[in-house]
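Please read them alongside the coordinates.

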Amino acid sequence: MNRGLVLKWARETAWVTVAFAAALALFEGLIPVFFETFLEESAGQLLNLRFVQRLIQTLLGVEFEGGLDAQAAVSFAWVHPMVLVLTWGLAITICTRCPAGEIGAGTVDVLLGLPVSRWDVHLSLTVVSMAAGAAAVLAALAGSWLSGQFVGDEYRIPVRALPPLAANLFCLYAAVAAAATLVSSISSHRGRAVGGAFALVVGSFMLSVFAQFWPALRPAARFSVLTYYRPFYIIRDGWAWSDMATLFGAGAALWACAAVMFRRRDICTT
Amino acid sequence: MVELSNVTRRYGRRRGIERVSLSIPAGTLYGFLGPNGAGKTTTIRVLLGLLRPQAGRASAFGLDCWSDSAVIKRDVGYLPGDLRLYGWMSCRNGLRAVERIRRRPMTAAGLALAQEWDLDPDVRASRMSRGMRQKLGLILALAHRPRLLVMDEPTAALDPLMQESLYTHLRRRVAEGATVFFSSHTLGEVERLCDRVAIVRRGRIVADETLAALRARAQRVVTIHWHDGAASGSIDPPSGLTVYRRQKDRWDATPSMPIAELVRWAASQPIADLTISPPDLTTVFQSYYRDDNPAEPGDGSA
């Protein structure tokens with residue numbers, strides 16, 4: 001790892017990290033308050049729709065009878081599509097900076113004209129992306145904790161559940177970051193890398209959704225990242241070691257592939 | 001210092017470089033001349049470990065340019081041909097950032113260069129003109145005093161005064177023991193600056209000689225004005241002088257004899273004026289670029 005490279009990318013990604021982290025904190029802070037009001041005032045009319053129920057079941061990874069209860073609602077705050085988009089967006093934004101972003105912008109000539117190995121580059125950007133992910137997850141955790149101070153007990157996530165939730169969200173972030181790094185390592189245009197990485201995660205998301213409606217697809221759902229991120233069970237049972245290990249292991253494998261691809265590839269800006 | 005041995009690198013169907021061999025001794029100002037698309041930048045990318053040769057071997061300081069690239073670049077200053085800088089980068093913070101990455105002090109030397117070249121150290125690259133960005137690129141390549149400077153068309157976008165200042169700076173570096181690999185498509189600057197020049201054409205090296213050797217092979221033009229135009233018709237040129245245009249009172253000729261002998265012969269003739277041009281390198285270089293160039297060797301090295 002090269003400290004200078006870490007500082008360079010930290011400088012370049014500081015604002016985007018702050019923006020995504022603030023949005024996550026705000027969302028996690030507001031959604032329990034929203035649900036408390038929404039469920040009590042609207043009696044969950046919208047949630048009686050079968051499609052909406054299925055969608056929420058997909059996101060939560062749990063089947064529930066009747067309406068959305070308080071426990072399901074607070075866990076939904078951690079798996080809401082907005083949370084997923086923000087988490088994945090941050091991972092993809094940072095991890096496609098190099099090599100795809102630097103090649104596309106033409107700055108890779110300056111970067112790789114310096115005495116850094118490609119392994120240094122790969123490792124340094126990983127450190128920055130993991131730090132950004134940790135900051136975003138901590139912001140989400142802080143937002144969730146803070147909102148818990150303003151809602152009733154049943155809409156409050158127990159403090160004991162917050163660390164395992166944050167850890168599992170971080171593992172999800174790491175897996176997506178590794179996938180984005182792999183796509184970036186074989187691409188020479190940032191736009192294509194971002195598009196490719198988003199296609200992967202959206203495809204993974206859609207796999208989970210379709211598996212809910214089409215049982216024949218259920219065995220394939222094991223390849224979806226959402227299968228290994230289930231806040232409902234984490235809040236109920238505590239640490240989901242197996243899910244975290246799966247996400248982390250998949251992420252590590254993808255990250256190692258990205259390192260090999262980047263080390264072996266030719267770099268050409270013209 | 002730098003050795004390329006039969007290096008080949010193609011881009012699919014597109015031509016890159018073909019069996020390029022070069023040997024650059026330490027302390028040389030080495031010109032690398034060729035038209036656009038000839039393979040100059042590809043050769044530089046192989047040298048810097050950005051491209052892996054498909055055949056052959058490239059080394060610098062005795063180390064392999066692909067596998068030991070990071071070690072080699074500790075002592076390399078590189079200015080890319082199509083320089084793109086980070087928008088946030090000013091001279092001052094750029095020097096600090098590169099200093100941290102290189103783990104080698106260079107800010108003070110870089111700021112001194114910025115002062116010498118009249119570059120505001122606090123303007124960000126996103127607000128710089130092309131010439132200013134080029135100066136910043138040069139400063140970042142020079143400030144750590146590398147042993148090898150690789151410059152890909154470094155004078156592009158520089159004004160003539162700045163070009164002259166850069167030449168002076170490079171000559172000084174070479175006098176101190178550094179080696180400069182200077183890529184250009186402009187004959188004039190290579191002729192003025194370099195000790196040795198390689199000419200690349202369509203991905204192959206077609207010449208690799210000292211400037212002195214090239215000059216020795218270059219043709220001079222001799223112009224003789226006769227006192228008495230009528231008399232010139234009865235004068236025969238010496239065997240080492242080929243007259244290609246014969247007029248009543250003027251000859252244009254190319255000499256193959258020693259200049260001293262030519263002057264001695266001329267002194268015995270009724271001439272009004274004698275002009276001997278400097279060696280015309282342009283003709284030599286152009287001969288390498290012609291499609292029917294017989295000098296192009298089959299193996300790409302000269």
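1. The contact between the chains (heavy atoms within 4.5 Å) takes 30 residues from chain A and 24 residues from chain B. The area buried between chain A and chain B is about 2600 Å², where buried area is the accessible area (1.4 Å probe) that two parts lose on being put together, summed over both. Carbon and sulfur atoms give 56% of that area.

2. This is a predicted model, in which local features need pLDDT of at least 70 and side-chain atom pairs count only at pLDDT 80 or more, while totals for chains, interfaces and linings use all residues. Residues are numbered from 1 along each chain as its sequence is written, chains are lettered from A and ligands numbered from 1 in the order in which they are written, and side-chain values use heavy atoms, with hydrogens and water left out.

3. Between chain A and chain B there are 2 salt bridges, a salt bridge being a side-chain nitrogen of Lys or Arg within 4 Å of a carboxyl oxygen of Asp or Glu. A:Asp266 and B:Arg9 form a salt bridge through their side chains, at 2.4 Å from N to O.

4. Which helices of chain A each supply at least two residues of the side that touches chain B? They are helix 1 (3–42), helix 5 (97–105), helix 6 (108–112) and helix 11 (241–264) of chain A. Helices (H or I, at least four residues) and strands (E, at least two) are DSSP runs, numbered from the N terminus. Helix 1 of chain A gives the largest share, 7 residues. By class, this side of chain A has 12 nonpolar, 7 polar and 11 charged residues; Ala, Val, Leu, Ile, Met, Phe, Trp, Tyr, Cys and Pro count as nonpolar, Asp, Glu, Lys and Arg as charged, and the others, Gly among them, as polar.

5. Chain B has an open sheet of 4 strands in the order 12-13-11-14, with antiparallel pairing; two strands pair if DSSP finds at least two bridges between them. Strand 12 (241–246) and strand 14 (271–276) of chain B each have a single partner strand, so one side of each is left without a neighbour in the sheet. Strand 11 (residues 222–226) of chain B pairs with strand 14 of chain B over 5 bridges, and B:Ile224 has B:Leu274 as its bridge partner.

6. Helix 10 (residues 259–267) of chain B packs on this sheet, touching strand 11, strand 12, strand 13 (250–255) and strand 14 of chain B. Its direction makes about 170 degrees with that of strand 14 of chain B; axes are lines fitted to C-alpha atoms, for helices over the stretch in contact, and angles run from 0 to 180 degrees between N-to-C directions.

7. Strand 4 (residues 55–60) of chain B pairs antiparallel with strand 1 (residues 2–11) of chain B over 5 bridges. Strand 4 and strand 5 of chain B form a hairpin with 2 residues between them, and B:Phe61 in the turn has a positive phi of about 55 degrees.

8. A cis peptide bond joins A:Cys98 and A:Pro99, with omega about 5 degrees; A:Pro99 lies in helix 5 of chain A.
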